[in-house]
Every structure is written in structure tokens, then in C-alpha cells.
Amino acid sequence: MACAVEFERVARHFGEVRAVDGVDLAIPEGAFFAMLGPSGSGKTTCLRLISGFDQPTAGHIRIFGEAVEGVPPNRRSVNTVFQDYALFPHLDVRDNVAYGPMVRGVPKAERHRAAEEMLALVKLSGYGDRKPGQLSGGQRQRVALARALVNRPRVLLLDEPLGALDLKLREAMQDELKALQTRLGITFVFVTHDQGEALSMADTVAVFTEGRIAQVGTPSEIYERPRTRFVADFVGSSNVLPPEVAARFGAGPAWASLRPEALRLTAPGGAIEGRVTATRYLGAGTRVGIDIGGVELTALTPAGSPVPAPGERVGLAWAPEALHLMEPGQ
């Protein structure tokens, strides 16, 4: 499969700060690709390097095989949807969407026709005469999408576009974005610090930390087989066990990840047992903290299961493959 975007040893330094530190990356054409990481990890800087709003200190960036260092944003086959949407409040929705074609000199009737097509694509037919201030947050997000898509980019960059939405609307827009990307077949590069967004929408996820990529893989690979302690701890929640503890549980002497939902509570008296230290009700399940000889583990029991009280002794069991060994280091 052809690559839409390639990074070769790309770095971006701001004085002594290494915002991006020698990143190698290949984003397949037509993929929904997520850049996931905490604030300051380098993901947004990488997005700006792709868009042309920033330039690398070192390394090479190619978009569909063409080097783009020094190429301005308006000459790249990409468009960006920003976190704040950046809509023009004095223009109606139709002219907001048609702004890019207007700048390129497209006649008014033609650009308005293209804008209406994009509004229909994002389920906003009939909203063209409204101003952005008359729309909800989710509707403004759709207008920003339509404005980016009307330029027919080969790569769409999305900089945490759902961050300002409430939980229910954010979840609905996740489904809509994924369906839209599947329908259009263009490459989406989505920056987020929200693990749920990345895991639920992306085909491939790159986890960033301290200007570098800690791991690239499918959502299931990232979650079920984290490469490092950082990935295990950042993506979802995990019992991260030091080598001596993993060895106690029958694994090799290496750092290990054991997801809470993989643990089963049993009656005490088995090979592994401990004392319940705390419980936390989450609706869809209950988190149970268990002390096993000085090692604190967290189990997640599904809704409807019996929940032991703090102080009770319980047994613990898990499938051998649930204990995943990781690479040394952070």
C-alpha cells in the first residue's frame, strides 16, 4: 500500500526543547491514523509539520512520495480541522465552507454548489444561511469538516476536533467521523490525548512520549500487547508489574502488563489470594483493589457480579496469555 505521509528521522527543536526527536513514521494511504499522547509529547508538532505550518529542524517529510520541506501549506494536498474550528463569525455557513474555493478564484455559483454538497455530506443540508453563532458545538464541528473537505484534500488533519464537545456528542461524532472517513476513503490523521477516541476510531495508532514514538500498531496491539511501561500505563489502565513480581506469577523476569478486566475474583484458598483494600463503582463494572503480599493489583468486575467488601480475602486467577511481558526501560 502506498504511503500518504512519511517521516524520516524528523526532528523539531525549539532552543533546547526537543519537541520532536528523530521520528520515523509511515502513514498508509486511506488510513485512519491516530497520534495519541499526553500534552507536550510531540503529536501536535508532527501535525503542524505535515500541514506546513511548521518546518523540521532535521530529517525529511514526504507526502505521497514528494518532499515537502519548505513547501507552504497552500501548496500541499492536505487540509486541517482545528480544535477551535476557526470559523468566520461574520460569514454564513455556506460562505464559510466555500471560503477555500473563493480564495482560489472559483466562481460564486460553482463554489456555493460545492459547499452545499459538502454540507449534505456532513448532514447539514438547509443550514447554509445560518451564522456560526446560531449553531451548536457539534454543528460547528461539522461545518469545519465541510470547509476542509470542500478543497478535496488527499490527507485530512484533525487537531483534537472533538475536545470541546460534551461526552454524548463526542461519542456520536466519533461514529460519524469514522463513517465519513470510510465513505470518502481519504487519509485521516487524527491528533488526540483521549485513548478512547484513538482506540475506537483509528486503524493504526502511534503513541507519543517526549517527542518520540513509543509504539505504533493497531488499537488491539497497542492495548493488548503494549511494548513499554509508558504505553501500558497511558493507554487504558493496567497493572504494571516489575520483573520480580512477574516472576512470582510464573512469567519471565521482565516488566509485565496485566489488564484489570483480565483478572477473575475467586474464593480464597487458591494459588494466589489477597485482601481487598478498596472498591470503586463505575456503572458498567466495579474496580476492586487487592493487596497480594505487598503488591497492589486492580481487578475490574462486570456489572451484576458480586463485589467483595474491603477487608475480605479473595482469590485471583487469569489466563496465562493475559500477563504480557514488555521491553525494558520506560
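The model is predicted, so local features need pLDDT of at least 70 and side-chain atom pairs count only at pLDDT 80 or more, while totals for chains, interfaces and linings use all residues. Residues are numbered from 1 along each chain as its sequence is written, and side-chain values use heavy atoms, with hydrogens and water left out.

Select residues 137–149, which form helix 5; helices here are DSSP runs (H or I, at least four residues) and strands are runs of E (at least two), numbered from the N terminus. Eleven of its 13 residues are buried, so helix 5 is largely enclosed by the rest of the structure, where buried means under 20% relative accessible area, exposed over 50% and partly exposed in between (1.4 Å probe, protein chains only).

Axes are lines fitted to C-alpha atoms, for helices over the stretch in contact, and angles run from 0 to 180 degrees between N-to-C directions. To see the contact (heavy atoms within 4.5 Å), show Gly138, Gln141, Arg142, Leu145 and Leu149 of helix 5 together with Leu169, Met173, Glu176, Leu177, Leu180 and Leu184 of helix 6.

Now select Phe64, in the loop between strand 4 (58–63) and strand 5 (66–67), where phi is near 50 degrees, a positive value in a residue other than glycine. Phe64 counts as buried at 18% relative accessibility.

Finish at Lys123, in the loop between helix 4 and helix 5, which has a positive phi of about 65 degrees and counts as exposed at 61% relative accessibility.
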